[in-house]
Every structure is written in C-alpha cells, then in structure tokens.
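Colleague: Can you walk me through this one? I'm new to reading folds.
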Amino acid sequence: MNSADVIIVGGGIVGSSIAYHLTEAGCRNVLVIEREAHQGKGSTGKSMGGVRAQFTTSVNILMSLFSIPFFSRFEDVIGHPSGYKPQGYLFVATEERHLDYLRDNYHRQVGLGLKSVSLLQPDDIARIAPEIRNDDIIGGNFCATDGFVDPHSVMTGFMSKAAERGVELLRETEVTGIRADARGVSGVETNRGFIGSRVIVNAAGPWAGLLAKRAGVDLPIEPLRRMLVPTEPFDKVSQKSPMVVDMSTGFHYRPEGLGLLMAWNDPSETPGFKTNFDPAFIEKILSRGVQRLPVLKEAEVNPRRAWAGLYAMTPDHHSVLGPVPDLPGFFLANGFSGHGVMHSPATGRILADLILKGATDLIDAPSLGFDRFAKGRLIEETAVL
Ligand SMILES: Cc1cc2nc3c(=O)[nH]c(=O)nc-3n(C[C@H](O)[C@H](O)[C@H](O)COP(=O)(O)OP(=O)(O)OC[C@H]3O[C@@H](n4cnc5c(N)ncnc54)[C@H](O)[C@@H]3O)c2cc1C
C-alpha cells in the first residue's frame, strides 16, 4: 500500500475504534499502522478494564454517557463480545471533604443525564460491599452501569469489523517520520517505506509525544507507570462485587478471574517509560488494601503475575482530541490519563466526525483541543484513579 485516505498510527483500542468509526461514516480507505507483531502490546493490554461515568467534568461524563451504552450493545453492533459487566463503581468516603466532592459530582452527573448513580448511606454500602470495613465510612456514591470490559476483546472487535469493511492493518511497521508540505501532512515514513496520506491520526498511546515530535509538534504528554496486582483465587469477596474505591487511600479493587485485581496510584511514581513491575509495590498496596478490606490478610499474591503499564498523562488529565491547527491533516487522539479504554467508543466517533465533517455533536470538542495548552484553557479532572 503506498497511500490511504486516512493513516492511523497505533493499533491499540483507540486506533481501532477510530478505524471502525471511520468505516461507519463511509470512509473505507483507511490504514492502521502498528509497530508490534500483535495488537494490544501497549497500554490496552495492561489496563484494568474499568468503565465509569463517575467523573467530575462535563466533557468526561458525556464521553462516558456515549461509551458505556455502546459497550452494553457492543456484541449486537460489532459481532464480538466487549465483556461488559455492569457491576458498578462504589466510591467510599471517610472524610466530609470527600463526601462533599462526591455530592457535587453526583449533581453534575445527574444533571447531564446519568440515571444510575446514587448517593449512599453507610448501611447501603454495607449491602453492596459487605466485605469492606465500614465503621469509619460516612457515605459514598455508586453507579450501577459503571463496571468493567475486556479491553483486548473490545480492541479486537473494533478492528475486525473495520477490517471486514476494508481497513488495512499493517503490523511490524514503525512510523519513523511524518512528512509535511505547504498544504499540511503528506504521509508517513516507516521502516517499510513511505506511505502517502493527507490525514494522519496520532493514536500512539503513551508514545504519542514522541510521534508528535516527528511532526514537529510539541505535545505535553508524559508516560507514567501504573502497577496492578492480582490475587490468587480467593473466595472471601463476591465475584459480583463492584469496583470499590477507598477515597481515604486511593486503593481500589475489583473481581478478576477467581480472585481480585488491585490497584493503587503511588504518588512517588515519576514519569518515564518504565514498564517493569517493582516487587516493593506489593507491600505498599497490601498495607493500604487491608485497611479497607481486612479479608485480604488471607489472600495470596504471586509477584510474577503482577504487571505494570503506562498511563499517558496530560497536565489537566483530559485527553487531547482533534486537529493540530498549525499542521493541517494531523489529528490527535491522545493523553487519556488512565481513561482510554472506557472512552474509546466516544473517541472513535469524535475523531471520525472531526476528520470527515470538521465538527462533532457529541461533546464540545474545542474544549479538548490541542491549543488549550498554549491558550491556558486547562480543565482539570480530579477523579483520576
Ligand atoms: C495499569 C493500567 C491500568 C489501566 N486501567 C484503565 C481502566 O481501568 N480503564 C480505562 O479506561 N483505562 C485504563 N488504563 C488506560 C488505558 O489502558 C489507555 O488509556 C488505553 O489503552 C490507551 O489506548 P491507546 O490505543 O491510545 O494506546 P495503546 O494501547 O498504548 O496503543 C498505542 C499503540 O501505538 C503503537 N505505536 C506507538 N508508536 C508507534 C509508531 N511510531 N509506529 C507504529 N506504532 C506505534 C504501540 O505499539 C501501541 O500498540 C489503564 C492503563 C494502565 C497502564
């Protein structure tokens, strides 16, 4: 292939969703370029798979309000399972300031049309998550349509459907340069040669900043390691449990396989392309975990089954979506700051709209535009796990 109408760089969940949504809108001459031999080697294959509408900003809530119903009918539409389990996200608060924060978020979410979120009393929490220590909990929020998906399956579903409609996926091909002329981008240089296109989409996950640099664009995205720890099979927590988020420490967990999958955002982590799992993290996470989930004392953890991956962080923890004004034809779908799986359906729709029509009715796209950094129009998301 030596040219395409649209080239998408990166075959993770985001690139795959964009490819699918372009075909939905009738654009078929699309090429996805992936440097690995298999899809999912980037952040997508490392994700916890959580999906939630419980955000603080309108734009993130709206992206979830599109994406979560999409996951629920994914199999009917795409012909491939998403693994969506609407087991909910439960945020529990032990401090008044956290409860105030949850209450504010609740009103914003309901105001935007989220129906399945509720404010809870400690007794309600004990019913939903009987396993957790409850004596210091003063309230919480629960959203029943939040839950988990299988990121690998969603990615594969998007790409298979796109491929059925003519999209090409070029594997083991690295984009090493982006060419431009007076009209804008003109194509990509790869280890297999030059491929021409007037539309190039950066869907390179945590490597998006490096790719943008090849086009002379300074994109403020930093890779940040996140580690996940599974337990061995463990029957002291219901397999129907929601994702439980302890706001006092940030520790959270959900059922996975026959055990649990645990996460905690280590504030001492520093940016960089670190993908090794640090065994010292196990003690750190378990010491936080047992405070909220005392039965964890009985769980076994095998450090060899734990893993690390990269978040792509922006300064305001929102994604960067849409065109780069100074470089016509160069589009960004980056910087999801830990939310790229759950927002992949909305992102695909928004990018397809912006590429093909120059506008979208799904969100206020300029609010996530690249020029917000230069113009100081940052919109802080604080509900980052
Ligand atoms: C531990 C962990 C837990 C997470 N939990 C959640 C969660 O619960 N919910 C959620 O929504 N999100 C979560 N995330 C974030 C989520 O995984 C990401 O936001 C999402 O996977 C991003 O998808 P992507 O397609 O943009 O990136 P990726 O999956 O990283 O895909 C980018 C692809 O681009 C390719 N690439 C890069 N550069 C080039 C190049 N020059 N040429 C060719 N190919 C290139 C890479 O090989 C890669 O396959 C988590 C992330 C981690 C690490």
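Modeller: One term to start with: a polar contact is a pair of N or O atoms within 3.5 Å; within protein, one must be able to donate a hydrogen and the other to accept it, and residues adjacent in sequence count only if both atoms are side-chain atoms. This is a predicted model, where local features need pLDDT of at least 70 and side-chain atom pairs pLDDT 80 or more, while totals for chains, interfaces and linings use all residues. Residues are numbered from 1 along each chain as its sequence is written, and side-chain values use heavy atoms, without hydrogens or water.

Colleague: How far is the backbone N or O atom of Met-48 from a nitrogen atom of the ligand?
Modeller: 3.0 Å. Gly-340 also uses its backbone: a polar atom there is 2.9 Å from a ligand oxygen.

Colleague: And which side chain has an N or O atom 2.5 Å from an oxygen of the ligand?
Modeller: That of Thr-44.

Colleague: Which residues come nearest to the ligand?
Modeller: Glu-34, Ser-43, Thr-44, Gly-50 and Met-342, out of 39 around it. "Around" here asks for a heavy atom within 4 Å.

Colleague: New topic. What is the strand order in the six-stranded sheet?
Modeller: S8-S2-S1-S12-S19-S18, an open sheet with mixed pairing. S8 (168–170) and S18 (320–323) are the edge strands. Strands are DSSP runs of E, at least two residues, and helices are runs of H or I, at least four, all numbered from the N terminus. Two strands pair if DSSP finds at least two bridges between them.

Colleague: In which sense do S12 and S19 pair?
Modeller: Parallel, over three bridges. Val-201 has Phe-331 of S19 as its bridge partner.

Colleague: What lies across that sheet's strands S1, S2, S12 and S19?
Modeller: Helix H1, residues 13–24, running at about 160° to S1. Such angles run from 0 to 180 degrees between N-to-C directions, with axes fitted to C-alpha atoms, for helices over the stretch in contact. Contact means heavy atoms within 4.5 Å.

Colleague: Is H1 mostly covered or uncovered?
Modeller: Covered: 11 of its 12 residues are buried, meaning under 20% relative accessible area with a 1.4 Å probe, protein chains only (over 50% is exposed, in between partly exposed). Among them are Ile-13, Tyr-20 and Leu-22. Just after H1, Gly-26 has a positive phi of about 100°.

Colleague: What about the three-stranded sheet?
Modeller: That one is open and antiparallel, in the order S9-S10-S11. S9 (175–181) and S11 (193–196) each have a single partner strand, so one side of each lacks a neighbour in the sheet.
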